[in-house]
Amino acid sequence: MRDVTIADIERLRAEADGADAVFEMDEDTFRALYDRTSRALWAYLSRLTGNPDAADDLLQETYYRFLRAQGRYESEAHRRNSLFRIATNLARDGWRRGAHARLVPLPDAAQGELRARVDVAGDAQRRTDLARAMLQLTPRERAMLWLAYAHGSSHRDIASTVGVKAASVKLLLFRARRKLAAALQRQVTT
């Protein structure tokens, strides 16, 4: 075994420090990332699970796993897609364990806004109908619809987040929309 010199130790420390710098995220950087992404991610999780309390828990777990993964990210969009993929997988795991979705109650701020409108009862009924119809979809279908229409994600981003081939996203979205329309139609006729 060869003797280790002080120069070797310093070189190893410098390499270790350089490697850690790639993965570490200081508090200010994390706060900025959280501020930019948490609201959209929470809304996605809330709609996906149908439960704001579950969305809170999943949001916390998503950021924990994101930081623990210590991945290399090419861009802000890559970080954002990674967060949505982690969140989707966590929600999917919860669904498999039997933590099924429930209706999402309207927040107080939304209720005040609805009261200011002319058709408060109609708007609330449509929102409830949509929430019930969304619960009849699979978690993957809800995720795809939310990412496409509420979040504005591209088909490639949806494929990456949900874990399907990009070429199949268009067909899967078509089927999910058709299934949602049928569920809404059933509610109207009952």
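This is a predicted model: local features need pLDDT of at least 70, side-chain atom pairs count only at pLDDT 80 or more; totals for chains, interfaces and linings use all residues.

User: How should I read the face of a helix, and which residues are buried in helix 2?

Analyst: An α-helix has 3.6 residues a turn, so residues three or four places apart point the same way. In helix 2, the buried residues are Leu 33, Thr 37, Ser 38, Leu 41, Tyr 44, Leu 45, Ser 46, Leu 48 and Thr 49. Helix 2 is followed by Gly 50, which has a positive phi near 75 degrees.

User: Where is the kink in helix 2 centred?

Analyst: The kink is centred on Thr 37 and amounts to about 45 degrees. Thr 37 belongs to helix 2, which covers residues 27-49.

User: Is Thr 37 buried or exposed, and which residues is Thr 37 in contact with beyond its neighbours within four places in sequence?

Analyst: Buried means under 20% relative accessible area. Thr 37 has a relative accessibility of 1% and therefore counts as buried. Its side chain reaches the backbone oxygen of Leu 33 at 2.7 Å. Leaving aside neighbours within four places in sequence, Thr 37 is in contact with Tyr 63, Glu 76, Arg 80 and Leu 83.

User: Which residues does Leu 147 touch, not counting those up to four places away in sequence?

Analyst: Leu 147 lies in helix 7 and is buried, because its relative accessible area is 1%. With residues up to four places away not counted, Leu 147 touches Tyr 44, Phe 84, Gly 152, Ser 153, Ile 158, Thr 161 and Val 162. One of these residues, Tyr 44, is also among the buried residues of helix 2. Between Leu 147 and Thr 161 there are 9.0 Å in space, C-alpha to C-alpha, and the two are 14 residues apart in sequence.

User: Where is Ser 154 placed, and how far apart in space are Ser 154 and Val 169?

Analyst: Ser 154 is in the loop between helix 7 (139-150) and helix 8. Its relative accessibility is 32%, so Ser 154 counts as partly exposed. Ser 154 and Val 169 are 9.6 Å apart, C-alpha to C-alpha, with a separation of 15 residues in sequence.

User: How is a pair of packed helices described, and at roughly what angle do the axes of helix 8 and helix 9 cross?

Analyst: Two packed helices are described by the angle between their axes and the distance between the axes. The axes of helix 8 (residues 155-162) and helix 9 (residues 169-189) come within 10 Å and cross at roughly 80 degrees. Helix 8 and helix 9 are therefore roughly perpendicular to each other.

User: Which residues meet where helix 8 and helix 9 are in contact?

Analyst: From helix 8, His 155, Ile 158 and Ala 159 meet Val 169, Lys 170 and Leu 173 of helix 9. By class, this contact has four nonpolar, one polar and one charged residues. Ile 158 is also one of the residues that Leu 147 touches.

Key. Residues are numbered from 1 along each chain as its sequence is written. Side-chain values use heavy atoms; hydrogens and water are left out. Helices (H or I, at least four residues) and strands (E, at least two) are DSSP runs, numbered from the N terminus. Buried means under 20% relative accessible area, exposed over 50%, partly exposed in between (1.4 Å probe, protein chains only). A polar contact is a pair of N or O atoms within 3.5 Å; within protein, one must be able to donate a hydrogen and the other to accept it, and residues adjacent in sequence count only if both atoms are side-chain atoms. Contact means heavy atoms within 4.5 Å. Axes are lines fitted to C-alpha atoms, for helices over the stretch in contact, and angles run from 0 to 180 degrees between N-to-C directions. Angles under 35 degrees count as roughly parallel, over 145 as roughly antiparallel, 65 to 115 as roughly perpendicular and the rest as oblique. Ala, Val, Leu, Ile, Met, Phe, Trp, Tyr, Cys and Pro count as nonpolar, Asp, Glu, Lys and Arg as charged, and the others, Gly among them, as polar. The bend at a residue is the angle between axes fitted to the seven residues ending there and the seven starting there.
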